[in-house]
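Please look over the sequence and the model shown here.

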Amino acid sequence: MSPTRTIHLRLNRLHPAQQQVYDERRRFNVLCAGRRLGKSRFGIRLSADTALTGKPVGWYSPTYKMLAELWRETRATLAPVTTQKNEQEKRLELITGGVIEFWSLDAPETSRGRRYARVIVDEAAMVSDLAEVWDMVIRPTLIDYAGDAWFLSTPKGRDDFAAMYDLGQSDDHPDWASWRFASTANPYLPADELDALRSTMTSRAYEQEIEARFIDELTDALWSNALIDGHRVARPPEMRRVVVAIDPAVSASADSDETGIVAAGLGVDDHAYVLADASGRYSPLGWASKAIAQYDVLGADRVIGEVNNGGDLIRSNLRAVRATVPYKAVRASRGKATRAEPVAAMYEQGRVHHVGVFPELELQMTTWSPQDDKTSPDRVDALVWALSELMVKRTQRAAVSVQG
Ligand SMILES: Nc1ncnc2c1ncn2[C@@H]1O[C@H](COP(=O)(O)OP(=O)(O)OP(=O)(O)O)[C@@H](O)[C@H]1O
Ligand SMILES: [Mg+2]
């Protein structure tokens, strides 16, 4: 008989919020929590528990990028008990015979026909069509093993994830359980990390991202989550032209001192693609550097921004960071709402696509009413500048030339 070998696996001991969720679990579990609460760590622990008993686990992430990060973390954590790993297929086999397979919901169909004793859906609120993906793709994988499911996410408005959360709160659905925790329930989260998160957020974003509240969309907002979700893509096509738009912070009030920095491109298909949201609270040189960094990363054609009352602040700040960056000043001759409406119309026509998910930008888009011109949704402003530059002018020019 071969001698018994003891392997030490370094798994985090659950913190109190994670422990509570674990103790109160049912078959279908919905953990709604602020950023950095420890959702993914908890998911890794849940996966390990099941795979170490020799059973198969399916892990689902909304995008390939999020999946890749998780894959690295899980692979490293479970290395001492892993017998086979397949980088290509993102599959781990453990010494117990248990397996963990990782799937990106960019292409939900691929996991059809699998069987799992446990599935984890990380950042479930970022999955478009979550309810459908659950019914058609994920839930059937649990039949053979009568497996359980875990939805772990920061909330994103009143979407399918919120509906699942509600099932967990209702007495009529004894199979479902749900919990809600703010980020501050993670005792291991350093205060400065929380402060850093907070410093880049408006109070609305803070309620959603840190306090984990389901924020209602406004019915008179120009955009809805469904409108944005319906045309979201994982990857952009080739770009004809890319711009980075800046809407600099002007006021110092707690809610409006973010600088909006949004990059978008016009694809070869003549549709627009929102590529990046690098908005945040920055010093003037800070936002100029951030915008130029986006310009470099995306190989953009130019930076654009509005000429403000006191002269061209954006131009001078950009020049201070780099003298040669191509810049174009635009002039706001119309009100915010008037500028935003044609952009919203392009979304309705299905001609604007978000590449990936931009939670804070999308929160502003769905909670700002054009009636309310006083508030300053900086990310939306930058978005509108970028998309107007790429598309609205083209459409107007086309209309003129048709008439002429
Ligand atoms: N039980 C635990 N013991 C020790 N540290 C933990 C524990 N749970 C989470 N952490 C730490 O807290 C931090 C956040 O964890 P994790 O990445 O799992 O959170 P998250 O909610 O998935 O975050 P995000 O919102 O960024 O996806 C990490 O540094 C992680 O190591
Ligand atoms: Mg996570």
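This is a predicted model: local features need pLDDT of at least 70, side-chain atom pairs count only at pLDDT 80 or more; totals for chains, interfaces and linings use all residues.

Residues are numbered from 1 along each chain as its sequence is written, while chains are lettered from A and ligands numbered from 1 in the order in which they are written.

**Confidence.** pLDDT is the predictor's confidence in each residue, from 0 to 100. Its mean over the chain is 89, and 93% of residues reach 70 or more. Residues 397–404 stay under 50. That stretch has 0 contacts beyond four places in sequence. A contact means two C-beta atoms, placed from the backbone, within 7 Å.

**Fold.** The chain carries 13 helices and 14 strands. These are DSSP runs, numbered from the N terminus: helices are H or I with at least four residues, strands E with at least two. The table gives the overall values.

| Property of the chain | Value |
|---|---|
| Radius of gyration (over C-alpha atoms) | 23 Å |
| Span of the C-alpha trace along principal axes | about 85 × 45 × 40 Å |

For 404 residues, a compact globule would have a radius near 22 Å, so the value of 23 Å agrees. The globule rule is 2.2 Å times the number of residues to the power 0.38. Buried residues make up 44% of the chain. Buried means 20 or more other C-beta atoms within 10 Å of the residue's own, exposed means 12 or fewer, and partly exposed lies in between; C-beta atoms are placed from the backbone. Of the contacts between residues at least 6 apart in sequence, 76% join residues at least 24 apart.

**Domains.** An automatic or database assignment sets the bounds. Domain 1 covers 16–208 and domain 2 covers 225–403. Their centres, over C-alpha atoms, are 32 Å apart. Contacts link 17 residues of domain 1 with 16 of domain 2. On the domain 1 side, helix α7 (residues 203–209) gives the largest share, 4 residues.

**Ligand 1.** The shell holds 16 residues; N12, G38, K39, S40 and R41 come nearest. Near means a C-beta atom, placed from the backbone, within 6 Å. Helix α2 (residues 39–51) supplies the largest share, 3 residues.

**D296.** This residue sits in helix α9 (residues 284–298). Is D296 buried or exposed? D296 counts as exposed, because it has 12 C-beta neighbours inside 10 Å. D296 and P174 are 122 residues apart in sequence and 52 Å apart in space, C-alpha to C-alpha.
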